[in-house]
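Please walk through this protein chain with the model open beside the text.

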Amino acid sequence: MKRSTNRIPACLVGLLLGLGGCWGGGSGSSGPAPQESMTSRFFAGTPSRIETVIVDPLPAESARLILPDGTVMAALEILREKNSYADEGDGLPHVAVGAQGGSQTRVTTGIGIEFPLFGGGGGGTRSVSMTTSTITFRVPDIEVYRRDWQHWILHVDLGDGTNHRTIETLPPKPPPE
């Protein structure tokens with residue numbers, strides 16, 4: 001009896017099919033959580049409305065614009081949308097660098113290194129929650145804003161009842177005339 005030499009061994013076929021299922025991602029992943037960020041801009045066509053969007057684990061509790069003379073303008077509206085993301089560890093070391101501070105506090109910096117032990121935790125997933133806070137302000141006099149906007153302060157308090165953080169920054173550059 002003569003054996004055929006054109007056959008692929010069954011174990012190799014199984015291995016190739018198994019690897020093929022791993023190729024190109026999968027259908028069950030919701031993707032990574034968005035990075036923490038803060039953006040501010042004027043609404044298009046509405047030069048008196050500012051929109052600030054903050055993506056952070058903590059939701060915005062309050063927000064205000066502080067004018068050079070100390071006048072405080074509270075936000076018109078704060079919308080919060082909390083989303084959860086599946087964070088699947090890749091088993092590789094990760095490094096994070098951060099800084100925090102404000103106009104009235106000293107700036108502190110830090111570095112963190114994460115090393116997965118014993119093969120990265122068994123390939124499990126963890127849930128990561130991020131909140132997108134959309135804050136709206138109305139500028140009462142856009143000409144006054146154009147003249148001295150770099151002396152205004154955009155102040156946002158973030159918190160969830162347990163954790164608290166404050167962000168202070170310049171508001172956005174005024175739209176062109």
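A charge sits over a ring if NZ of Lys or CZ of Arg is within 6 Å of the ring centre and within 35 degrees of the ring normal. Phe 43 meets that rule with Arg 41, whose charged end sits over the ring, 5.5 Å from its centre. Arg 49 also lies over the face of Phe 43, at 5.5 Å from the ring centre.

A word on the source. This is a predicted model, in which local features need pLDDT of at least 70 and side-chain atom pairs count only at pLDDT 80 or more, while totals for chains, interfaces and linings use all residues. Residues are numbered from 1 along each chain as its sequence is written, and side-chain values use heavy atoms, leaving out hydrogens and water.

Now the fold. The chain has two helices and 10 strands. Helices (H or I, at least four residues) and strands (E, at least two) are DSSP runs, numbered from the N terminus. From that end, the order is α-β-β-β-β-β-β-β-β-α-β-β. Of the 177 residues, 23% count as buried; buried means under 20% relative accessible area, exposed over 50%, and partly exposed in between, with a 1.4 Å probe and protein chains only. Take contacts (heavy atoms within 4.5 Å) between residues at least 6 apart in sequence: 64% of them join residues at least 24 apart.

Which aromatic pairs does the structure hold? There are two. Rings of Phe, Tyr and Trp (its six-membered ring) pair if their centres lie within 6.5 Å; planes under 30 degrees apart are stacked, over 60 edge-to-face, and the rest tilted. Phe 42 and Tyr 145 have ring centres 5.4 Å apart and planes at 75 degrees, so this pair is edge-to-face. Phe 42 lies in strand β1 (residues 37-43) and Tyr 145 in helix α2 (residues 142-148), so the pair ties together parts 103 residues apart in sequence. Phe 42 counts as buried at 10% relative accessibility, and Tyr 145 counts as buried at 0%. Tyr 145 also pairs edge-to-face with Trp 152, at 4.8 Å centre to centre and 85 degrees between the planes. Trp 152 is buried too, at 3% relative accessibility. Phe 42, Tyr 145 and Trp 152 form one aromatic cluster.

Tyr 145 leads on to the core. In soluble globular proteins, nonpolar side chains tend to be buried together. A nonpolar core is a set of buried Ala, Val, Leu, Ile, Met, Phe, Trp, Tyr and Cys residues joined through side-chain atoms within 4.5 Å. The largest one here has 21 residues, of which Ile 135, Phe 137, Tyr 145 and Val 156 touch the most other members. At least two residues of this core come from each of β2 (46-56), β3 (60-66), β8 (125-138), α2 and β9 (153-159). Beyond its neighbours within four places in sequence, Phe 137 contacts residues including Ile 50, Leu 65, Met 73, Leu 76 and Leu 154.

Ile 78 is found in strand β5 (residues 77-88). Its contacts, leaving aside neighbours within four places in sequence, include Ala 63 and Ile 135.

Two strands pair if DSSP finds at least two bridges between them. β9 and strand β10 (residues 164-169) pair in the antiparallel sense over six bridges. His 155 stands opposite Glu 168 in β10. Four residues lie between the two strands of this hairpin, and Gly 161 in the turn has a positive phi of about 95 degrees.
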